[in-house]
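The entries follow the order in which I looked things up.

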Amino acid sequence: MDNIKKYFKKFFSWLLNLFRPRYEVRVSWNKEYGDSDDKIYISKKIMVQKDRHLKFIDEDSKLIEYRCAGGNNYISMMI
């Protein structure tokens with residue numbers, strides 16, 4: 001009986017994740033987007049989005065955090 005509950009919870013969680021929004025986060029180290037230094041992430045949840053601090057969880061459930069004294073250059077779009 002415990003296995004059935006576990007699989008049902010897993011299935012329900014999977015089903016809910018189909019309808020949650022995803023974000024494309026593009027981080028650049030200079031003010032020019034589209035260079036070779038850009039990094040692109042697909043994010044499940046953006047936790048902190050400020051001028052000097054960016055913190056989010058990517059698709060692999062890893063916590064990614066960028067801090068910069070001079071300000072971060074990033075673009076986040078819902079996909």
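**Entry 1. Terms and conventions.** I took two strands as paired if DSSP finds at least two bridges between them. Helices (H or I, at least four residues) and strands (E, at least two) are DSSP runs, numbered from the N terminus. The model is predicted, and local features need pLDDT of at least 70, side-chain atom pairs count only at pLDDT 80 or more, and totals for chains, interfaces and linings use all residues. Residues are numbered from 1 along each chain as its sequence is written, and side-chain values use heavy atoms, with hydrogens and water left out.

**Entry 2. Pairings.** I then went through the strand pairs.
- Strand 1 (residues 23-28) is joined to strand 5 by six bridges, and the two run antiparallel. Tyr-74 in strand 5 is the bridge partner of Val-27.
- Strand 1 is also joined to strand 2 (residues 39-49), by five antiparallel bridges. Here Tyr-41 in strand 2 stands opposite Val-25.
- Strand 2 and strand 3 are antiparallel and share five bridges. Ser-43 has Asp-58 of strand 3 opposite, and three residues separate the two strands of this hairpin.

**Entry 3. The core.** Which residues make up the largest nonpolar core? I noted eight: Val-25, Val-27, Tyr-41, Leu-54, Phe-56, Ile-64, Tyr-66 and Tyr-74. Strand 1, strand 3 (53-58) and strand 4 are the elements that give two or more residues to this core. A nonpolar core is a set of buried Ala, Val, Leu, Ile, Met, Phe, Trp, Tyr and Cys residues joined through side-chain atoms within 4.5 Å. Buried means under 20% relative accessible area, exposed over 50%, and partly exposed in between (1.4 Å probe, protein chains only). In soluble globular proteins, nonpolar side chains tend to be buried together.

I also listed contacts (heavy atoms within 4.5 Å). Leaving aside residues up to four places away in sequence, Val-27 touches Asp-37, Asp-38, Lys-39, Tyr-41, Leu-54, Tyr-66, Asn-73 and Tyr-74.

**Entry 4. Glu-24.** With the same exclusion of residues up to four places away in sequence, Glu-24 touches Ile-40, Tyr-41, Ile-42, Ile-75, Ser-76, Met-77 and Ile-79.

**Entry 5. Salt bridges.** I counted two salt bridges in the structure, each a side-chain nitrogen of Lys or Arg within 4 Å of a carboxyl oxygen of Asp or Glu.
- Glu-24 pairs with Arg-26, with the closest N and O atoms 3.4 Å apart. Arg-26 counts as partly exposed, because its relative accessibility is 25%.
- Glu-65 pairs with Arg-67, with the closest N and O atoms 3.0 Å apart. Glu-65 is partly exposed at a relative accessible area of 37%, whereas Arg-67 counts as exposed at 63% relative accessibility.
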